[in-house]
Amino acid sequence: MEQAATIIQQTLAANGGVMSWDTMINAIPQELRRYVWEALNHLRAQNIAAAQNRYDPELGGVFEIVTLGQ
Amino acid sequence: MALTNEITYTLEDDSGDSATTGVNVPTAFSLAQFTEFARAMAGFIDDIVSGLVARAELTVNIDLSALTGNTVGAGSDVQEINSYQFTTAAGRPVSVNVPGTDETDVSAGSDELNQLDTQQAAFVNAMVNGIAVTGGTIQPSDIDSEDITAIVYARESARASGKRR
């Protein structure tokens, strides 16, 4: 789980603090993908990053991974 | 066609059975006004039935005309259900059944919905962590307004077609 969380953080930083779900998944090796939700929950609890759903007037529902605490 | 809201009344009989009836109303009123209407109409309904007017619910009709990509897929079938079970912090289960499974979301050799698929992940996350809207975040809950906090399972099931909640 820690490895997945680290990769998520690194990929998020490399993408300027916002990335798509697919970008995140593609960055995580297959064998670690089962820990994705656990890693995201950990990062949310630490106020580091989170999967976020939001309403956008132009796009409707938007789902993305974002940096928290900034 | 103009949008309407609906006030749904649930009526119970002497044997404990229940049934519903609905009244369509215009949308351009406040919640307080709808509450006054619903309470008044409940009295009028009570006067014309022998059972109990047990509940009144306001269903707000939302304009979805701006939703993009909202088309009927070839072979789509509302008897194929996305069955999700979530839980609250207190461990209370919350079941959500969404008709019309996209078969590409079902993991090969099982009935499990692939929670690593981006569309599935988006729905699950919206249920567990809410959706940020103007001025706040709306968090789905159980019927006692306890927040959903986790998903227990997501799988495909098949049922006779009908209205889902």
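A:Glu64 counts as buried, because its relative accessibility is 13%, where buried means under 20% relative accessible area, exposed over 50%, and partly exposed in between, with a 1.4 Å probe and protein chains only. What we are looking at is a predicted model, in which local features need pLDDT of at least 70 and side-chain atom pairs count only at pLDDT 80 or more, whereas totals for chains, interfaces and linings use all residues. Residues are numbered from 1 along each chain as its sequence is written, chains are lettered from A in the order in which they are written, and side-chain values use heavy atoms, with hydrogens and water left out.

With which residue does A:Glu64 form a salt bridge? The partner is A:Arg54, with the closest N and O atoms 2.8 Å apart, a salt bridge being a side-chain nitrogen of Lys or Arg within 4 Å of a carboxyl oxygen of Asp or Glu. A:Arg54 lies in strand S2 (residues 49-56) and A:Glu64 in strand S3 of chain A, so the pair ties together parts that are 10 residues apart in sequence; strands here are DSSP runs of E, at least two residues, numbered from the N terminus. A:Arg54 itself is partly exposed, at 25%, and A:Asp56 joins A:Arg54 and A:Glu64 in a network of salt bridges.

Strand S3, residues 60-67, also holds A:Val62, which is buried at 12% relative accessibility. Beyond its neighbours within four places in sequence, A:Val62 is in contact (heavy atoms within 4.5 Å) with residues including A:Arg54 and A:Asp56.

Turning to chain B, B:Asp144 and B:Arg92 form a salt bridge at 2.4 Å between the closest N and O atoms.

Technical notes. Helix = DSSP H or I, 4+ residues; strand = E, 2+ residues; numbered from the N terminus.
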